[in-house]
Amino acid sequence: MNVTVFGTGYVGLVTGACLADVGHRVLCVDIDAGKVDRLNKGDVPIREPGLDALVARNLAAGTIAFSTDAAKGVAHADLLFIAVGTPPDEDGSADLQYVLSVAQTIGEAMTNRKVVAVKSTVPVGTSDKVGERIATVLAARQSTLQCDLVSNPEFLKEGAAVSDFLKPDRIIVGTASQRAREVMKELYEPFNRSNDRTLYMDVRSAELTKYAANAMLATKISFINEIANLAERLGADIEEVRRGIGADPRIGYHFIYPGMGYGGSCFPKDVQALGRTATDVGYDSPLIAAVEAVNNRQKHALFEKLATHFGGAAALKGKRIAVWGLAFKPNTDDMREAPARVFIEALWSAGAAATVFDPVAMDEMARIYGSRADLTFAADKYAALNGADALAICTEWQQFRAPDFAGMAERMPSRLIVDGRNIYSPERLSRDGWTYLSIGRAP
Ligand code: UGA
């Protein structure tokens, strides 16, 4: 099947590459000419396991190509995906200008009936707006052509996007059109051979499913963080509580890890946008607002522990803190909304310096903050400890889990660790003479 994907960001590129890999002929369209050139040479701008190989393989096979020519994109296929960005604007609502500008182009360039599938995460009602925009443009052209609208949200996790796409938990297809349903069924058939995981529903339910999934996961995280903060004050251990509640299959073990709050490009943006949507329809949702408020507060928790340990933020002036982990989660260099940023910015505000190490996000850190006197990049995790007054763990990379504590104590005689991800055993560290402050566990 011929398929066009508008937008070569995270979702668009992974979608295009995975669809090409099962044999569909995919044209990916983006307005960024530099990016399109790079992609046509097999140079993938994002870091995602397996994606480089997939793009290279399909470029060589001729099953994927990249172009800036939107009209060519419309002509290439009868199934058009919209996967462009929807950044939050000032008030937290999703900015739809890119989505609607693709709709405009489709309306202007189409010469036969198309299935238009919206894959970007968009507020409920957006797919209808896409349909309206296309219809308006067609009417202005005095055309009687038609479009079949689909909402087909994506559920990829960064760091596992390719495997999530190839082995989906579910495929959500929201449409009122039987024709579109059949096209989507054929498209996803290669991913559904052993077990059809497609759920068909109406457009608005599909759009809301995406937000509800992310908001539910974010709620689990804010909930466990809230209980962690309580556990600390009650002399309980959140890790025991986590295991205790996770054992109930109705609760489950997933997404109840306490920490520094959720970050990344999805949860913060989507929870905010859902709250905004609720307000727009005149519904007061204290729960959604609380999920966000708890998360914002949690991002400061680690800094507060450190400051309290030293007797207040003012006492951090002139101190040097080693930071392990910058990315918002392991296996990515993405630092969007990363809790590490809140922690490090708080250090700087208090007049402390940071020596940072992350296995892959150091370039991103340098890109965001540039060079500054109170920021040092360490060559490796141990080098970050030289001259440091404390170590802060901000991302739970595998390589931080079982370090050489004896060697670390030689480099950092203060033996002080503040851990935002609870990766060590408090008993073990206290036995070796460390002061270890973590989340939801009394020191
Ligand atoms: C998230 C969802 O997991 C995907 O299903 C969804 O498709 C995607 O957003 C999206 O909407 O595009 P992602 O942002 O890649 O994926 O990251 P997650 O692995 O979900 O982690 C999000 C944040 O929650 C991270 O900062 C992580 O450290 C934090 N987290 C996660 C916790 O603090 N505790 C947990 O138990 C789990």
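Residue numbers start from 1 along each chain, in the order of its written sequence. Because the model is predicted, local features need pLDDT of at least 70, and side-chain atom pairs count only at pLDDT 80 or more, while totals for chains, interfaces and linings use all residues.

The chain holds 17 helices and 14 strands. Both are DSSP runs numbered from the N terminus: helices are H or I with at least four residues, strands are E with at least two. Along the principal axes, the C-alpha atoms fill a box of roughly 75 × 45 × 45 Å. Of the 443 residues, 43% count as buried. Buried means 20 or more other C-beta atoms within 10 Å of the residue's own, exposed means 12 or fewer, and partly exposed lies in between; C-beta atoms are placed from the backbone.

The domain assignment, from an automatic or database source, gives domain 1 (2–201), domain 2 (211–297) and domain 3 (299–437). The C-alpha centres of domain 1 and domain 3 are 40 Å apart.

The ligand is surrounded by 19 residues, the closest being E158, Y257, Y262, G264 and C266. Domain 1 and domain 2 each supply at least three residues of the shell. Helix 9 (residues 203–234) gives the largest share, 3 residues.

The largest nonpolar core has 124 residues. Such a core is a set of buried Ala, Val, Leu, Ile, Met, Phe, Trp, Tyr and Cys residues joined through C-beta atoms within 7 Å. I82, V116, V323, L391 and A392 have the most contacts inside this core. Helix 9 gives its largest share, 10 residues. Beyond four places in sequence, the contacts of V116 (C-beta atoms, placed from the backbone, within 7 Å) include L80, I82, I106 and V130.

P403 sits in the loop between strand 12 (390–393) and helix 16 (405–411). P403 counts as partly exposed because 16 C-beta neighbours lie inside 10 Å. Residues up to four places away aside, P403 touches K381 and M408.

How values were computed
A residue is near a molecule or strand if its C-beta atom, placed from the backbone, lies within 6 Å of it. Two residues are in contact if their C-beta atoms, placed from the backbone, lie within 7 Å.
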